[in-house]
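Here is a short note to read alongside the model. Please follow the points in order with the structure open.

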Amino acid sequence: MHIRDPKLIADLAALSVALSPGASLADLTYLGIGGSSDLLRIAKHESIPPLLAMLEGNHIPYRFLGGGSNLLVDDGELPWVILQLAKPDPEVVLDRAFAHVDAAADLGRTVTYCAKHDLGGMEGLIGVPGTVGGALRMNAGAYGMQIGSYVREVKLYRAAERKIEILKGHQISFEYRHTSFAPDDMMLAVTLELPSKPYKEILQGIRICNEKRRSSQPLGQKSAGCIFKNPPGASAGRMIDELGLKGLSIGDAKVSDRHANFFVNAGHATANDMLSLIADVRSRVEKAFGVQLENEVVVWNA
Ligand SMILES: Cc1cc2nc3c(=O)[nH]c(=O)nc-3n(C[C@H](O)[C@H](O)[C@H](O)COP(=O)(O)OP(=O)(O)OC[C@H]3O[C@@H](n4cnc5c(N)ncnc54)[C@H](O)[C@@H]3O)c2cc1C
């Protein structure tokens, strides 16, 4: 989708929205798959209500991109413009046990910054790529912790009401890779309350989590992390592994040899290659175990 109307382009600039024409989603996602579209980078949260009113008024569909680490995007010319928050400076402001974090902040840098100020709890999230907003959206977690446990307040744009609102932590439910946010809510900032711990102790926890990731995940390869959610009481990776599917490939889309729930782009995989592999593995698991695996990866089909 391209914005060519000079008036719209001037209106975007007036809202401090930077337009990058024809951005490649393959370059913007960790899987390295995806076609192209105009990318709109938003410098000010306050620009979002007028920006969306403008896009809707001109029948321009949009999708919201965080860090691109949990996304499988279709190939070719994409039928929506891509919105993304610009990186703020600073990303995090600390006030005693509270960390006020912009949604565009890098998650790993946020964990490390808080750790250096003796605020822990998020050690398991080290190594989870992407933004804090993306982590909030689906309650990212690992090694027994999840970001939702620390959320005290979220600033978000509520598309249904067309305005920016603040939600208290108790108004939001955070479950395993699921939240009560509406699908079109946009997370803009969050306040986390973190347990106070000496930096050395947090660092020890971070090292342990890093080591676990290094020993079990294909970190040097293009992936979106786990493709499927774990069904209640079971492990998607273990089921796929038990069926001997590590290494199974369609085109350049491949089930990782290291972690059966990570599917990698081993070269020039297309969205169709990856979707076919996902469908194939899902149907084999269903046949063998009677369990229908649910995607953890978010698919943007054109
Ligand atoms: C190597 C690797 C390891 C991983 N390990 C883990 C893990 O251990 N645990 C885990 O939970 N995940 C893991 N992931 C998946 C991924 O990193 C997380 O889900 C991450 O939180 C996604 O954030 P993002 O900013 O990259 O979101 P994106 O991939 O950009 O977007 C994902 C979805 O969130 C939406 N979104 C993004 N930002 C916002 C926002 N501000 N407001 C509203 N919606 C938004 C997008 O529209 C999209 O629907 C891993 C991924 C990789 C590549």
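1. Lysine 7 and aspartate 11 join their side chains in a salt bridge, with N and O 2.8 Å apart. A salt bridge here is a side-chain nitrogen of Lys or Arg within 4 Å of a carboxyl oxygen of Asp or Glu. Both residues sit in helix H1 (residues 6–14), four residues apart, so about one helical turn separates them. Helices are DSSP runs of H or I with at least four residues, strands are runs of E with at least two, and both are numbered from the N terminus. Lysine 7 is exposed at 54% relative accessible area. Aspartate 11 is partly exposed at 26%. The cut-offs are under 20% for buried, over 50% for exposed, and partly exposed in between (1.4 Å probe, protein chains only).

2. A note on the source. This is a predicted model, in which local features need pLDDT of at least 70 and side-chain atom pairs count only at pLDDT 80 or more, while totals for chains, interfaces and linings use all residues. Residues are numbered from 1 along each chain as its sequence is written, and side-chain values use heavy atoms, with hydrogens and water left out.

3. How many salt bridges does the structure hold? There are 14. One of them pairs arginine 96 with aspartate 95, at 3.1 Å between the closest N and O atoms. Arginine 96 is exposed, at 66%; aspartate 95 is partly exposed, at 33%. Aspartate 257 and lysine 254 form a salt bridge too, also with an N to O distance of 3.1 Å.

4. Threonine 110 belongs to helix H4 (residues 107–116). Is threonine 110 buried or exposed? Threonine 110 is buried, with a relative accessible area of 0%. Its side chain reaches the backbone oxygen of aspartate 106 at 2.7 Å. Leaving aside residues up to four places away in sequence, threonine 110 touches Val92, Val101, Ala105, Met122 and Val132 (contact means heavy atoms within 4.5 Å).

5. Now the ligand. The shell around the ligand divides into 16 nonpolar, 12 polar and four charged residues. Here Ala, Val, Leu, Ile, Met, Phe, Trp, Tyr, Cys and Pro count as nonpolar, Asp, Glu, Lys and Arg as charged, and the others, Gly among them, as polar. Helix H5 gives the largest share of the shell, four residues.

6. A polar backbone atom of glycine 68 is 2.8 Å from a ligand oxygen. A backbone N or O atom of methionine 187 lies 2.8 Å from a ligand nitrogen. The protein buries 93% of the 980 Å² that the ligand exposes when taken alone (Shrake-Rupley method, 1.4 Å probe).

Methods
Polar contact = N/O pair within 3.5 Å; in protein donor to acceptor, adjacent residues only side chain to side chain.
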